[in-house]
Amino acid sequence: MPVARPESQEPRVIAHVDMDCFYVQVEQRRNPDLRGVPTAVVQYNSWKGGGLIAVGYEARKFGVKRSMRGDEAKRACPDIQLVQVPVARGKADLNLYRSAGSEVVAILSTKGKCERASIDEVYLDLTDAAKSMLLESPPEMLDSIPEEALKSHVLGLSSDENKGEEDVRKWLCQPNADYQAKLLACGTIIVAELRVRVLQETKFTCSAGIAHNKMLAKLASPMHKPAQQTVVPATSVPDLLASLPVKKMKQLGGKLGSSLQDDLGVNTVGDLLKFSEQKLQDLYGINTGTWLWKIARGISGDEVEDRLLPKSHGCGKTFPGPMALKTTSSVKQWLNQLCEELSERIQSDLDQNKRVAQTLTLHARAFKEDEVDPLKKFPSKSCPLRYGTSKIQEDAMHLFELGLGDFLNSKNLGWGITSLAVGASKIVDIPNGTTSILKYLTEKRTSCNSSDCSDALPGEPDHATSLICQKDADTKSYKGHEVPLESKVEENPKTKAPRESASDSKRLSDRDANAKGTILRYFSGGSSSNQSSTSKVETTQIEEQERISSSTASISNSHQNLNLNQNNNALSENWIINIEEIDPSVVDELPLEIQREIRGWIHPSKRINTAKRGSTIAHYFSPARK
């Protein structure tokens, strides 16, 4: 439900920039022959010419609409050019349009806080830029006003086309206007200049709404399209809302808007003025009631978030009519495709923007066969997100099975899935200085350079996300390089001599220990005494001495601490590891020999021979047993 937020006491200048029929513009830039020609972008599904997902303005003049399919559009406009959206994994691939949208955002963000709301729309907070302009070069002091600014539609001004630009000039340069109106005038000029830059640098046109809050700016941007802008002075707000259909207001297009119409007879936003705040609170609760009371007066406290990147990533596909999925195997096939795309996108976000997603969510629409209540919604399900395509696929399928069980309520009924979607959310920045655990457990491989190895993966988020994608049973992929779990023979970068595998018998000198970057090196405390004593530790033969259970059970119910006591020949400090804080998904990413050791701590088993413990980790942290 909507929540009322306090409006800023300081005057603000907010713009909502909306690209004009963006998908068509992107295709026209790719193929200039399409410019000026009736054009539409259609889905990859060719049934009846494909469904239209974007219609150019030239085609709209012939009555072509997005609700049509390609064949129907050709009947309405025989000359229309139908361009198929790019396809990947059996579904539309929107990366081309996302990248084009990023070009626009890069330009718009130069003038203030920028919130990317979707592929083709952006909110801008231009308050600071408008204040600077008002101090340095107010509109009335400018030698000339940009032509694009003079073409603005200012609500409340006369509609005489012959005097339109002259009236706008007077409004922009009015010397006796209040502070808020002057800031809005500066914002109008700034937005006009930004729109011109976008056109020059990207070849895309856009429309905009300029007001003193996000709600009004959003309402104004589509009022005059394409390639135009609309300004909402504070004095024109009552007239704008008085006749605005209630369903046109954001968050009133669903059940809440229907309730206002059916229960209160509210058909326009202005009709809400008849009800007191208390009455609306009694009917819809304190938060929603107050929000309704405020929007009727054009009041909104929503702030522009300084966000150039999306808050979440999602991939979905619909299966209408006979295409509905009716078996778990068909659902799994499509879920695997969607999860593969999602994995690529979040990995790209991680590599490029140093951000990690924390939650995986599955959404679906479904129906039941021979059921009295077939309209019950398929429940959405979420879980902590684990990086790696196979892990995301496994978790998504598990979420689907849980949702299907709740949807069917233990009844043996036929079912069908008409829509599937997976999403990654709760995306956070990686803390500065965070690096991969591989940096501490393995040395730099000859197959990757130092920069790749040092700029590794982020630290674990709250749910201890595993960030190394398993490529197959014997290797792990890290930033495009394969990291073998067990290397037979490797070359020591310092000595240029072959390095024996972990299963070979060998002795470690001080130089070898430092070169290998073993876990012993990082638990030594860093003191010179510890380093010298550590260098004296010698291992005779690395052997597996413990019998480990093949299944990795949950450790959440384990309430034991492993105290690694002082070893007179190795460490001068006590190290304590809380078993409850070890996450199994993290253990899976460690070198095989360390996996076995840690699992031995989690699930201790009877030792075969405690007198010969070889070079296990515990050997370095606990007193030698006799």
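How many salt bridges does the rule of a Lys or Arg side-chain nitrogen within 4 Å of an Asp or Glu carboxyl oxygen give? The count comes to 22 salt bridges.

The legends below describe a predicted model, in which local features need pLDDT of at least 70, side-chain atom pairs count only at pLDDT 80 or more, and totals for chains, interfaces and linings use all residues. Residues are numbered from 1 along each chain as its sequence is written, and side-chain values use heavy atoms, with hydrogens and water left out.

**Figure 1. Overview of the protein.** The protein has 23 helices and 24 strands. Helices (H or I, at least four residues) and strands (E, at least two) are DSSP runs, numbered from the N terminus. Of its 626 residues, 45% count as buried; buried means under 20% relative accessible area, exposed over 50%, and partly exposed in between, with a 1.4 Å probe and protein chains only. A contact is a pair with heavy atoms within 4.5 Å. Among contacts between residues at least 6 apart in sequence, 66% join residues at least 24 apart.

**Figure 2. The open sheet of six strands.** The strand order is β7-β8-β1-β10-β11-β9, and the pairing is mixed. Two strands pair if DSSP finds at least two bridges between them. At the edges stand β7 (113-118) and β9 (153-154), each of which pairs on one side only. Strand β1 (residues 14-19) runs antiparallel to β10 (residues 206-211), with six bridges joining the two. In this pair, D18 stands opposite S207 of β10. β1 is also joined to β8, by five bridges and again in the antiparallel sense. There V17 stands opposite V122 in β8.

Figure 3. Five of the five residues of β8 (residues 121-125) are buried. In a regular strand the side chains alternate between the two faces of the sheet. E121, Y123 and D125 point one way from β8, while V122 and L124 point the other way. β8 and β7 form a hairpin with two residues between them. The two strands pair antiparallel over five bridges, and C114 stands opposite L124 of β8.

**Figure 4. The salt bridge between E344 and R89.** Side chains of opposite charge can pair when their charged atoms come close. The closest N and O atoms of E344 and R89 are 2.5 Å apart. E344 is partly exposed, at a relative accessible area of 46%. R89 is also partly exposed, at 22%.

**Figure 5. Further salt bridges.** E147 and K151 form a salt bridge with their closest N and O atoms 3.7 Å apart. E147 is exposed, with a relative accessible area of 53%, whereas K151 is partly exposed at 41%. In another salt bridge, the side chains of E369 and K326 meet at 3.5 Å, N to O. E369 lies in the loop between β14 (359-368) and β15 (381-384) and K326 in the loop between β12 (313-318) and α14, so this pair ties together parts that are 43 residues apart in sequence. Both partners are partly exposed, E369 at 30% and K326 at 46%. Salt bridges that share partners join E115, K214, E305 and R307 into one network.

Figure 6. Helix α8 (residues 179-202) has 24 residues, which at 1.5 Å a residue should span 34 Å. The expected span is 1.5 Å times one less than the number of residues. The end C-alpha atoms of α8 are 34 Å apart, which agrees. K203 follows α8 and has a positive phi, near 70°.

**Figure 7. The nonpolar cores.** A nonpolar core is a set of buried Ala, Val, Leu, Ile, Met, Phe, Trp, Tyr and Cys residues joined through side-chain atoms within 4.5 Å. The largest core has 49 residues, of which F22, L108, L124, L172, V198 and F204 touch the most other members. α8 supplies the largest share of this core, 10 residues. The core draws at least three residues from each of domain 1 (1-20 + 101-308) and domain 2 (21-95), with bounds from an automatic or database domain assignment. Leaving aside neighbours within four places in sequence, F204 is in contact with M19, F22, Q25, V26, R29, A100, V104, V198 and L199. Apart from this core lies another, of 37 residues, among them C339, I392, W415 and I430.
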